[in-house]
Amino acid sequence: MIRDILYARFGYFPLPRSQDNINEDLIKERQEEEKVKCRCIVIRVDGKYKDLFFEYIIAQPGRLDRNYRRYLNQTLYHYFDMVVPR
């Protein structure tokens, strides 16, 4: 679901994938989450989307780490009706 939200925000349409590929990504995401040992959500995205995303982040004024966090937080707050932290 989060992957679809990220794709939609950029108007990105990935190539259709088989159910085997989707299941493989889900397994790898869960394995990565367990490796990290902290509360996080790991999302695997297409390489093309990743390029678009980072090109957008780099083009924004300011520090890259702040731009990255701000974009992801805005997306999550908007789509999941979370209250923006102060």
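Reader: Which helices each supply at least two residues of the lining of the second largest pocket?

Author: The model is a predicted one. In it, the second largest pocket holds about 300 Å³ of space. Its lining takes at least two residues from each of two helices, namely H1 and helix H2 (19-36).

Reader: Which element gives the most to the lining of the second largest pocket, and with how many residues?

Author: The lining of this pocket comprises 19 residues, and Met1, Arg3, Asp4, Arg17 and Ile22 are the closest to its centre. The element that gives the most to that lining is H2, with six residues.

Reader: How many charged residues are there in the lining of the second largest pocket?

Author: Asp, Glu, Lys and Arg are the residues that count as charged. In the lining of the second largest pocket there are 11 nonpolar residues and no polar ones, and the number of charged residues is eight.

Reader: Which residues lie nearest the centre of the largest pocket?

Author: The largest pocket has a volume of about 500 Å³. Two or more residues of its lining come from each of helix H1 (2-10), helix H3 (47-59) and helix H4 (64-80). The lining consists of 15 residues, and those nearest the centre are Leu6, Ile41, Ile43, Tyr68 and Leu72.

Reader: How many residues in the lining of the largest pocket are nonpolar?

Author: Tyr, Leu and Ile are among the residues that count as nonpolar. Sorted by class, the lining of the largest pocket has two charged residues and one polar residue, while the nonpolar residues number 12.

Reader: What share of the 86 residues in the protein chain is buried?

Author: A residue is buried when its relative accessible area is under 20%. The C-alpha trace of the chain spans about 40 × 30 × 25 Å along its principal axes, and its accessible surface comes to about 7,100 Å². Of the 86 residues, the buried share is 20%.

Reader: How far apart in sequence are the parts that the pair of tyrosine 12 and tyrosine 49 ties together?

Author: The two rings form a tilted pair, at 5.8 Å centre to centre and with 55° between the planes. Tyrosine 12 lies in the loop between H1 and H2, whereas tyrosine 49 lies in helix H3, so the parts tied together are separated in sequence by 37 residues.

Reader: Why does tyrosine 12 count as buried, and what is the relative accessible area of tyrosine 49?

Author: The limit for a buried residue is under 20% relative accessible area. Tyrosine 12 counts as buried because its relative accessibility is 12%. Tyrosine 49 is buried as well, and its relative accessible area is 3%.

Reader: What kind of aromatic pair do phenylalanine 53 and tyrosine 71 form?

Author: Phenylalanine 53 belongs to helix H3 and tyrosine 71 to helix H4, 18 residues apart. Both residues are buried. Their ring centres are 5.3 Å apart and their planes stand at 65°, so the pair is edge-to-face.

Reader: Which residues form one aromatic cluster?

Author: The count of aromatic pairs comes to 13. One aromatic cluster is formed by Tyr7, Phe10, Tyr12, Tyr49, Phe53, Phe54, Tyr56, Tyr68 and Tyr71.

How values were computed
Residues are numbered from 1 along each chain as its sequence is written. This is a predicted model: local features need pLDDT of at least 70, side-chain atom pairs count only at pLDDT 80 or more; totals for chains, interfaces and linings use all residues. Side-chain values use heavy atoms; hydrogens and water are left out. On a 1 Å grid over the protein atoms alone, a cavity is a set of points where a 1.4 Å probe fits but cannot get out, and a pocket is an open set with protein on both sides within 12 Å along at least five of seven lines; lining residues have an atom within 4 Å of a point. Grid points are joined across faces, edges and corners, and a volume is the space filled by probe spheres set on the points. Helices (H or I, at least four residues) and strands (E, at least two) are DSSP runs, numbered from the N terminus. Buried means under 20% relative accessible area, exposed over 50%, partly exposed in between (1.4 Å probe, protein chains only). Accessible areas come from the Shrake-Rupley method with a 1.4 Å probe; for residues, only the protein chains shown count as cover. Rings of Phe, Tyr and Trp (its six-membered ring) pair if their centres lie within 6.5 Å; planes under 30 degrees apart count as stacked, over 60 as edge-to-face and the rest as tilted.
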